[in-house]
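Colleague: I am new to this structure, and I would like to learn how its features are read. Could you take me through them step by step?

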Amino acid sequence: MLNTLTIKQAAEGLRAKKFTAVELTKACLVRIEERNEELNAFISVNAEYALEAARRADERLAAGDNITMLTGIPYSVKDAICTKDLRSTGAGQILDNYIPSFQATVIDKLEQAGAVMLGKTNCDAFGHGASNENSMYGPVKHHLDQTKVSGGSSGGSAVSVADDMCIFSIAEDTGGSIRQPAAFCGIAGLRASYGRNSRYGIMPMASSFDTVGPMAKTTEDLAYIMEVMAGHDEKDATTVEEAVPTYSKELSSGIQGLKIGIPKEYFEIEGMQKEVREKIEEQLETLKKLGAELVPVSLPYTKYAISVYYILVPSEDSSNMARLDGIRYGVRSEGDSLIDVYANSRAHGFPEEVKRRIMVGTYALSAGYYDSYYRKAQKVRTKIIQDFDRVFDEVDVLVTPTSPFTAFGIGEKKDDTISMYLADVFAAPPAIAGLPALSVDAGADASGLPIGLQIIGPRLSEEVLFRVGHTLEKA
Amino acid sequence: MSLTIADIEHVAMLARISLSQEEKEYYMQELTAVFGYIEQLKEVDTDDVDETVQVTGLEDVVRDDEVAPYNEDMVADIQSQFPDKMGHLLKVSAVFNRK
């Protein structure tokens, strides 16, 4: 069962010549063949392309030339990330036939490292959602219980990793889209600091929030992926120049003396599942036993995070989505006038949630409302950032649940927009502040559904987050 | 606060999305609910608070204004995605209507 390996195990096996990259890739393709029809994790699978990449990786491994931890390792990519000459739909009908003429920088880097792309994963259309029910290709089903959602928006990526269809995945996180599905599916997922990874070639949603990051079976694997994908890119002016640390180096150096803040607001949320609180508290005890100091802290503006998020994100989103109009690429609908062509293409090409967010954003930015909504939310965003700045003077990281509940039923929240938005209540605040946040598996509830623990740190503190995550996984 | 059908029609026009009558009523309720929830921001005192417009800490990121090299393959790739074309040209409906 080569497809069940972690990056570390697979890389060791490849180097020791216990198996080849082609064998490893075939094992993943067999698993996809067996499971994808039921789970709907992949929109496109590129078997021929993957096997060709695997053969090249095997040559590289045989020659011992320029081998990285990712050489010969099969992975999946969220379909909202552009891959040259491979269909990239963003899970929205309006791009059903779209084949990019360019490729995301992070995918270029993974290809140069010798990683093997298997295909493109399902998601909420253009990242709009927290359950993967807003995909034009149907929902992704939870691998442990097919009546439950996978989480979203990167649900296909989460299930592809959790169900062993690939070894890791590359996805995006605007306000929880990596962490929440990682938590629901029992894997590790990183929202990197804003500016740490290039977003060139990513279908943009909310430009001051969007990030690209990895999802994998362990924190250690995330560290290896970040060593390859992170760094400055001249094609993305928001990327920072700071050198990329060797994240895997300090993973095992422990957490003795580390100050961990416990924000009380994250444990007082109405509607939080009891088992989520209990499991996180158990994990906090473990961290304490391993030498960390637990410090109660307060982030009083947390309760405004969802409101800020659902003004600013749809506003930026409505501008970004304007490019999808069926004119230069994608699916064009008929219409009597040019305006009708736009309006009909967008009416047919977007699912309900995308239209809702575009309209919320358009209204918030429209004449007469800009100051009371958009500008107001930008100011409250500052208050939320100041909350974090203040606590990070006192503590090194914060630990919270990733989500207030485990995976919910498919259709359960579909008619309750606000309740669906509250699924991101713990995931949105660090995104608002541009901070890195890691979700790791923290056990399961009584029905066996995974619970995620979130570790939030100051900007560019990924190394510390990995150390805490790795320590917990090994405990 | 409560939005009207006229508000929704205005927003849908600005957003270039055609809606059925049923959808207009649906989104009227949805937007009313979302903006109703967001009313809570009014209770935050933001008188002396600056707006956050970006979180990178970077300022004035510029590059040289140079023509990037391109080749015919790139042009062909882009043209291959045109939903409708005439020869090498992108075909669209008339921008201006005759009176």
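Predicted model: local features only at pLDDT ≥ 70, side-chain atom pairs only at ≥ 80, totals over all residues.

Colleague: How is the size of an interface often given?

Modeller: The size of an interface is often given as the accessible area lost when the parts come together. In this case, chain B and chain A bury about 5000 Å² between them, and 65% of that area lies on carbon and sulfur atoms.

Colleague: How many residues does the contact take from chain B, and how many from chain A?

Modeller: Chain B gives 50 residues to the contact, while chain A gives 64 residues.

Colleague: How many salt bridges and how many residue pairs in polar contact are found between chain B and chain A?

Modeller: The rule finds five salt bridges across the interface of chain B and chain A. One of them joins B:Asp77 to A:Lys84, where the closest N and O atoms are 2.9 Å apart. As for polar contacts, there are 22 residue pairs between chain B and chain A, with both residues at pLDDT 80 or more.

Colleague: Which helices of chain B supply at least two residues each to the side that touches chain A?

Modeller: On that side of chain B, at least two residues each come from α1 (5–15), α2 (21–38) and α3 (72–80), and α2(B) gives the most, with ten residues. When the residues on the side of chain B that touches chain A are divided by kind, 30 are nonpolar, eight are polar and twelve are charged.

Colleague: Let us turn to the rings: how is a pair of aromatic rings described?

Modeller: A pair of aromatic rings is described by the distance of the centres and the angle of the planes. Over all chains, the count by this rule comes to 19 aromatic pairs. In one of them, the ring centres of A:Phe209 and A:Tyr309 are 5.7 Å apart and the planes stand at 85°, so the pair is edge-to-face.

Colleague: Where in the chain do A:Phe209 and A:Tyr309 lie?

Modeller: This pair links distant parts of the chain, 100 residues apart, since A:Phe209 is in the loop between β5 (188–191) and β6 (211–216) of chain A, and A:Tyr309 is in helix α9 (residues 305–320) of chain A.

Colleague: Are A:Phe209 and A:Tyr309 buried or exposed?

Modeller: A:Phe209 is buried, with a relative accessible area of 0%, and A:Tyr309 is buried as well, with a relative accessible area of 3%. The rings of A:Tyr309 and A:Tyr310 have centres 4.9 Å apart and planes at 75°, so this pair too is edge-to-face, and A:Tyr310 is also buried.

Colleague: Which residues do the ring pairs link into a cluster?

Modeller: The cluster linked by ring pairs is made up of A:Phe209, A:Tyr309, A:Tyr310 and A:Tyr421.

Conventions:
Residues numbered from 1 in each chain as written. Chains lettered and ligands numbered in written order. Heavy atoms only, no water. Contact = heavy atoms within 4.5 Å. Buried area = accessible area lost by both parts, 1.4 Å probe. Salt bridge = Lys/Arg side-chain N within 4 Å of Asp/Glu carboxyl O. Polar contact = N/O pair within 3.5 Å; in protein donor to acceptor, adjacent residues only side chain to side chain. Helix = DSSP H or I, 4+ residues; strand = E, 2+ residues; numbered from the N terminus. Nonpolar A, V, L, I, M, F, W, Y, C, P; charged D, E, K, R; others polar. Phe/Tyr/Trp six-rings, centres within 6.5 Å; stacked < 30°, edge-to-face > 60°. Buried < 20%, exposed > 50% of the residue type's maximum accessible area, 1.4 Å probe, protein only.
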